[in-house]
Amino acid sequence: MAAVLAWLVVLPALGATDSTLFTMTLMFTSVAVAINWNLTGGFTGYVDFGHAVWFGLGAYATTILMSLQANSLGIGWPPIPAIVAGAVVAGVLAGLIGRATMRLRGPYFSIAMLGTFVAMREIVRTWGGLTGGGVGLTLPPYLNRQLFYYLELVLVVGLIALTWRLRRTRFGAALVAIREDELGAGTRGISTTRLKVAVFSFAGASTGLFGGLWAYQNTFVDPDIAFTEVRTIDAVMGTLLGGLGTVAGPVVGSVALYWLREVLWANLLDYHLVAQGVLLIVIVLLAPRGIVGAFDRRGTSLLRLWRRQPAAVPDAADGGADAHGAEHTSDAANDDVETRSTEHTSDAADGHAGADTSDRAPERTAAPVVLQGRGIVKRFGGLTAVDRVDIEVSGGEMVGLIGPNGSGKTTLFDCLSRVQSLDAGTIRLDGADISRLPPHRVARLGVSRTFQIIRVYRDLTVRENLELSIQWGRVGLRGLFSRTDGETRRRAERLMEFLLLAPLADEPAGTLSGGQRRLLEIGMALMSEPRLVLLDEATAGVNPSLVEDIKDRLRAVNSEQGVAFLLVEHNVQFVADLCDRVVVLDAGGKLAEGTPSQIMDDPAVIEAYFGAPGRERSDPRGEGNGAEQ
Ligand code: ADP
Ligand code: MG
């Protein structure tokens, strides 16, 4: 690598001609564009088919600023400020457009960006007064190729170093979490909207910068050459060839592609485009992780990203009002699908540390109420999944939530963790209204959750999963751009020991058994030092021997750290063993509430479970069927 760099540095001195240097800067450009593309496409999982739009915008903004003449501003800008301004224009527009399009996921986002690209090119073509229309704009010829060669070399090397570093920070890890499970990431306190839009805007600015540099050296822009889809295709192909989601992938892949094209161009003439197309198909099908990806576990594949299409998350960027409504974007569909949410927790003020505990005395309700839901209503079309439910959990309390399949337990969790908006009712945490907060804010206030259909970051290791599930409320800007700290690492180690996951620490979470993933998800919920954890069917699909372990672990966390739990369980015995108080839902409404023994003897509850003929019911004492969806 050092040798390559050294060669690049001395190249001009070796008597390279201006045209060779220009060719090299074009290669640097395609490497840079691929790196930028990979930041959103590879790391964050947002596959952008219109990325070249930022290049064109940077190119045009730079050219327009430089060619300002006898107008109100008088003179054209000098090159460097104009190029920087072009990058800023591209970055700002990327931020604004990303804010809108990144509500979409998977192919929908890809197509929306392709549309943005085409629309922008047409705007440039049509807005002749400013852009010269279809004819384009010309700049005065420029002189020093060497200067720009070195400038671009420095920028590309800097960009590689930056992405390498970024991938190792919490920010980089959070981007991958967004790719792996955006909804889960939101419920674990990650401000997903803000982070993904930030990286998208950065990538836009960076590509815009190279667009401006290119325009200046090319001395001419028109809509077809500044806004060419080939630039996007090259970035996508280069990245796929090299390794999607890896740091070196786009670099290796773009250079390889550049070289291949020269060879193919020379030997195949008219057929080089066909050959290129075949190559793309071969990569996607036969080597989905690319050259670097074959060796780097962190790589991913395009088909996998699309097949998954994780559900979008409720709007996370800013607290308030617009949390509502944004959230039904569950395009979901596949693997982790399930519109359910979770949230993670956070420290929050008082820790109830070691408060009450293992004996399950009813008077424990004397502790202050932590979470209080009042009159919660959630409808799906004509179906009222949760119907005016009141529920509260006090500090350090363990409360069970049971009910037949479809009675609204998971939906209630989704409302409480704000993955779903409410149709009526309020939710208070320590008395403060959180009914409209986005999930990551709720998580940061100390409420975490697990999902009935397990959500872990499958491509990340067990350790990484845990280390990402921190109390994000405490991560400032500085923490965002640094690596995992020692304290977090130790906490993750302890939790892995505690949850019997230590031997699996470096295995990708996707390879664990269902029971192990349940434990991991519980660990992730505990990582953020929550005060309240909502557990949705923590024992479903878990081997019975592990169920006892889970029970012990929950009891220990409750008694030693005073963490409160709200448990949804099919296995009523499990609930009876752990909880002081049980709430029973049926058909969305609250059917009963009391101690486990009161509940088990309640005729209405028995009726609901064994109930009226024709209604499908599950056994309250029993195995339950965890697999209700
Ligand atoms: P439980 O967890 O108690 O089994 P759920 O909360 O999953 O019950 O479901 C309650 C009802 O709401 C069910 O009838 C279910 O089909 C329906 N439901 C849940 N989520 C959705 C959704 N995203 N869209 C439409 N209907 C839903
Ligand atoms: Mg459920």
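## Getting started: a helix and its first residue

Helices here are DSSP runs of H or I with at least four residues, numbered from the N terminus. With that in hand, we can look at T192, which sits in helix α10, a stretch covering residues 192–218. Please keep in mind as you read that this is a predicted model.

Is T192 buried or exposed? The cut-off for buried is under 20% relative accessible area, and T192 counts as buried because its relative accessibility is 0%.

## Salt bridges across the chain

Let us turn to charged side chains. The structure contains 26 salt bridges. One of them joins R105 and E182, with an N to O distance of 3.2 Å. This pair connects distant parts of the chain, 77 residues apart: R105 is in the loop between α4 (79–101) and α5 (106–126), and E182 is in helix α9 (residues 182–187). R105 counts as buried because its relative accessibility is 3%, and E182 is buried too, at 0%.

A second pair to look for is D224 with R125, whose closest N and O atoms are 3.4 Å apart. Here the link spans 99 residues, from R125 in helix α5 to D224 in helix α11 (residues 223–226). D224 is partly exposed at 44% relative accessibility, and R125 is partly exposed at 28%.

Which residues form a positive surface patch? They are R165, R168, R483 and R489. Of these, R483 can be found in the loop between α21 (477–480) and α22 (486–498). R483 is partly exposed, as its relative accessible area is 45%.

There is a nonpolar surface patch as well, of about 880 Å². Its members are L268, Y271, V274, V278, I281, V282, L285, L286 and L303. Helix α14 (residues 272–286) supplies the largest share of this patch, with six residues. V282 has its place in helix α14, and V282 counts as partly exposed because its relative accessibility is 38%.

## Cysteines

How many disulfides does the structure hold? The number is zero. Two cysteines to look up are C415 and C579: C415 is buried, with a relative accessible area of 0%, and C579 is buried with a value of 0%.

Note on methods. Residues numbered from 1 in each chain as written. Chains lettered and ligands numbered in written order. Predicted model: local features only at pLDDT ≥ 70, side-chain atom pairs only at ≥ 80, totals over all residues. Heavy atoms only, no water. Helix = DSSP H or I, 4+ residues; strand = E, 2+ residues; numbered from the N terminus. Buried < 20%, exposed > 50% of the residue type's maximum accessible area, 1.4 Å probe, protein only. Patch = residues over 30% accessible without salt bridge, like charges linked within 9 Å, V, L, I, M, F, W, Y side chains within 5 Å. Areas by Shrake-Rupley, 256 points an atom, 1.4 Å probe, with all protein chains shown as cover. Salt bridge = Lys/Arg side-chain N within 4 Å of Asp/Glu carboxyl O. Lys, Arg positive; Asp, Glu negative; His and termini not counted. Charge placed at Lys NZ, Arg CZ, Asp CG, Glu CD. Disulfide = S-S within 2.5 Å.
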